[in-house]
Each structure stands twice: as structure tokens, then as C-alpha cells.
Amino acid sequence: MSHCKQIYQHLMTGQEINPMQALNLFGCFALSQRIHDLKRIHGVPVQARLYHAPNGKKWSIYWLEPFYITQVKAGVIKPFCEF
């Protein structure tokens, strides 16, 4: 299964994902690129916010709005991929 599909499935559970989680869960080193693919190529409305750690490091956290998830599960919006 592709990283895009794995990430999409994860996001469809209502959970957030960050680069460390993507690496640990799916072996994906390029989360931002996969999110870009989901957004630009497949039209998935992935949301993001930048997290600033106390040590100065920063990274993005991604999620899907509950409304989108509900609409996909209700069949109103076509999912990115069929599972």
C-alpha cells in the first residue's frame, strides 16, 4: 500500500499525524510531500499547523476536519481511494 493511502487511512480515523509518527508507523520519510500529493493531486482538504518545540525545532502537524470525515463516510464526498 502506498504511503499516501496509509496516511489517508490514518487521517480518516480522526487522528493527527506528524513526521515522526509517519516514519514510525509507515516508514515514510517524506510526510510533507505525501500531504502535498493528497492535497494537490487528489484534492483531499488536509489541514496543517506548525508546532514549535521548546528546543527551537519546528514541524507540521496534519489532520482532516471532522466534517470532511463524516461526509466521506456518509458517501456525500468521494474518498481519495476505496478501501
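A: The axes of α1 and α4 lie 10 Å apart, and the two helices pack at an angle of about 105°. Here an axis is a line fitted to C-alpha atoms, for helices over the stretch in contact, and an angle runs from 0 to 180 degrees between N-to-C directions. This makes α1 roughly perpendicular to α4, on a scale where angles under 35 degrees count as roughly parallel, over 145 as roughly antiparallel, 65 to 115 as roughly perpendicular and the rest as oblique. The α1 side of the contact consists of Tyr8, Leu11 and Met12, and these meet Tyr68, Ile69, Val72 and Lys73 of α4, where contact means heavy atoms within 4.5 Å. By class, the residues of this contact of α1 with α4 are six nonpolar, no polar and one charged; Ala, Val, Leu, Ile, Met, Phe, Trp, Tyr, Cys and Pro count as nonpolar, Asp, Glu, Lys and Arg as charged, and the others, Gly among them, as polar.

The model is a predicted one, in which local features need pLDDT of at least 70 and side-chain atom pairs count only at pLDDT 80 or more, while totals for chains, interfaces and linings use all residues. Residues are numbered from 1 along each chain as its sequence is written, and side-chain values use heavy atoms, with hydrogens and water left out.

Turning to the other partner, α1 and α3 have axes that come within 10 Å and cross at roughly 80°, and they are therefore roughly perpendicular to each other. In this contact His3, Cys4, Ile7, Tyr8 and Leu11 of α1 meet Leu31, Arg34, Ile35, Asp37 and Leu38 of α3. The residues of the contact of α1 with α3 divide into seven nonpolar, one polar and two charged.

Helices (H or I, at least four residues) and strands (E, at least two) are DSSP runs, numbered from the N terminus. Just after α1, glycine 14 takes a positive phi of about 90°.

Valine 44, leaving aside its neighbours within four places in sequence, is in contact with Tyr8, Leu38, Lys39, Leu64, Tyr68 and Phe80.

Returning to α4, lysine 73 is found in this helix and is exposed, with a relative accessible area of 62%. Lysine 73 and tyrosine 8 are 65 residues apart along the chain, and their C-alpha atoms are separated by 13 Å. Glutamine 71, also in α4, counts as buried at 18% relative accessibility; its contacts, leaving aside neighbours within four places in sequence, are with Val76 and Ile77. In the loop between β2 and α4 sits glutamate 65, which counts as partly exposed at 35% relative accessibility.

The surroundings of α2 complete the account. At the start of α2, a side-chain oxygen of asparagine 18 reaches to within 3.0 Å of the backbone nitrogen of methionine 20, and just after α2 glycine 27 takes a positive phi of about 70°. Phenylalanine 29 lies in the loop between α2 and α3 and is exposed, with a relative accessible area of 75%. From C-alpha to C-alpha, phenylalanine 29 and proline 19 are 7.3 Å apart in space and 10 residues apart in sequence.

How values were computed
Polar contact = N/O pair within 3.5 Å; in protein donor to acceptor, adjacent residues only side chain to side chain. Buried < 20%, exposed > 50% of the residue type's maximum accessible area, 1.4 Å probe, protein only.
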